[in-house]
Amino acid sequence: MQDRGLTRAVLLLVLVFALLCAGVASTKLSAKNETASAVPAASPSPTPRTREEIPQDSDEVVRVDTNLTNIFFTAADKNKRFIGDLKVEDIRVLEDGKPQEIFTFQQNIDLPLSIAILIDTSASEERTLPDEKEAARAFLESVLRPNRDEAAVLSFTGETTLEQGFSGNIERLRKAIDRVEFIPPSGYIGGGVVVNGTPPISGTNQALAGSTAIWDAVWATAEELISTSAEHSRRAIILLTDGVDTSSRMKMHDAVERAQKADALIYAIGIGDRYTFDVNEGSLKKIAEQTGGRAYFPRHERDLHDAFAQIQKDLREQYLVAYSPINKARDGSYRKIEIQVVNPALKQQNLKLNYRSGYFAKTATPEPATRKRGQDQ
């Protein structure tokens, strides 16, 4: 009996102890719940990170609410050797004299090419035309890559003729160049001399055949042909002429402006009959430099081939710099561009940077009107 009473006492003590522990735990849980309900839930939005803090391989996208202006340029030393190791900190970009923030700087941008070869077939090119055609064929055969680049061939006197539209078929382009020829006007006896002879059927056609309209040809090529070339391609007009314009209705600045709007470089090859005609180097340098191209003045056949080789390298070995203009107005106004070398060591080398001198700010495109299903299109 005594043992049974002792056992009951022990069990009673264990039960009391268990009840006390449960009460303490309940009190702590209640206090914890009260604390949690008093503290607001954490916000699910993370702290915004700056562009520098976002890893390069991150899926996060940094959005820019304005269009970037892209400028291609080349750099060469005084010996015309290309400089291929420029860095973004070596240059600065100014638009209308104001420094711009550079968003993109890339080396050796190898874009598809859209090239229009524009050949002067007036009397001043009579003797040099065969050399021009041979060099043009060699250029296209060396520069065009299948299924990537395209070219077109045009000839001009007082009017412009499309010999072959844009094509990547080298055989078609070769045949188009073969078709280009000098057609003497009525009464032409050579050396640029025209004597009175049988009146032509059309006085207008006769006048066109015996004249040279360079700026009209460039304007028409940029307006009607370059604008139809492949998007996101490097556009260029290769102009073979002596630079002596006799009948254009357009002015040189009209041709430059239209080429700039089409984002087309102009590479001028000043060539003519050195025995009879002079080459207008000043005009050809001006139209080339203002569009970001170059002008060449070969004296021999070898010089002509070297000029084409230089153009090919120029189009391939380029830098791309992109910036968001401080001037956000999209009003079609002209913006002057300047790229300066700021690296002191490079400035001492007197590098020649070649790029277009400006652009026209594209006007805002209106949103297309939406139509409900079933409305007339």
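These legends accompany several close-up views of a predicted model.

**View 1**
Let's begin with the overall picture: the protein chain holds nine helices and 16 strands. It has 377 residues, and buried ones make up 39% of them. Take the contacts between residues at least 6 apart in sequence: 77% of these join residues at least 24 apart.

Seven bridges join S5 to S10, and the two run parallel. Seven bridges also join S5 to S6, again running parallel. Towards S10, Leu118 has Leu239 as its bridge partner, and Ile119 stands opposite Leu240. Towards S6, the bridge partner of Asp120 is Phe156.
Is S5 mostly covered or exposed? It is mostly covered, with eight of its eight residues buried. Leu113, Ile115, Ile117 and Ile119 point one way from the strand, while Ser114, Ala116, Leu118 and Asp120 point the other way. Both sets are buried.

**View 1. The largest nonpolar core gathers 31 residues.**
Which residues touch the most other members of this core? They are Ile115, Ile117, Phe139, Ile238, Ile269 and Phe308. The elements giving two or more residues are strands S5 (113–120), S6 (150–156), S10 (234–241) and S11 (264–270), together with helices H2 (129–143), H3 (170–179) and H8 (301–316). H2 gives the most, with six residues. A second, separate core has 27 residues, including Ala217, Val218, Leu239 and Ile287. As general background, nonpolar side chains tend to be buried together in soluble globular proteins.

**View 2. Phe139 and Phe308 form a tilted ring pair.**
A search of the whole structure finds five aromatic pairs. In this one, the ring centres are 4.9 Å apart and the planes are at 35°, so the pair counts as tilted. Phe139 belongs to helix H2 and Phe308 to helix H8, so the pair ties together parts that are 169 residues apart in sequence. Phe139 is buried, at a relative accessible area of 2%. Phe308 also counts as buried, at 3% relative accessibility.

**View 3. A four-stranded open sheet runs in the order S4-S13-S1-S15.**
This sheet has antiparallel pairing. Its edges are strand S4 (102–107) and strand S15 (352–354); each has a single partner strand, so one side of each is left without a neighbour in the sheet. On average, neighbouring strands are turned by 25° against each other, direction ignored.
Strand S1 (residues 69–76) is joined to strand S13 (residues 319–323) by five bridges, and the two run antiparallel. Within this pairing, Phe73 has Tyr319 of S13 as its bridge partner. Ring pairs also link Phe73, Phe105 and Tyr319 into a cluster.

**View 4. Helix H6 (residues 252–261) and its cover.**
Which residues of H6 are buried? They are Met252, Ala255, Val256, Arg258, Ala259 and Gln260. Their cover includes helix H5 (214–225), S11, helix H7 (281–289), strand S14 (334–341) and strand S16 (358–360). Lys261 lies over the face of Phe360, at 5.0 Å from the ring centre. Just after H6, Asp263 takes a positive phi of about 55°.

Terms used
Residues are numbered from 1 along each chain as its sequence is written. This is a predicted model: local features need pLDDT of at least 70, side-chain atom pairs count only at pLDDT 80 or more; totals for chains, interfaces and linings use all residues. Side-chain values use heavy atoms; hydrogens and water are left out. A nonpolar core is a set of buried Ala, Val, Leu, Ile, Met, Phe, Trp, Tyr and Cys residues joined through side-chain atoms within 4.5 Å. Buried means under 20% relative accessible area, exposed over 50%, partly exposed in between (1.4 Å probe, protein chains only). Two strands pair if DSSP finds at least two bridges between them. Axes are lines fitted to C-alpha atoms, for helices over the stretch in contact, and angles run from 0 to 180 degrees between N-to-C directions. Rings of Phe, Tyr and Trp (its six-membered ring) pair if their centres lie within 6.5 Å; planes under 30 degrees apart count as stacked, over 60 as edge-to-face and the rest as tilted. A charge sits over a ring if NZ of Lys or CZ of Arg is within 6 Å of the ring centre and within 35 degrees of the ring normal. Contact means heavy atoms within 4.5 Å.
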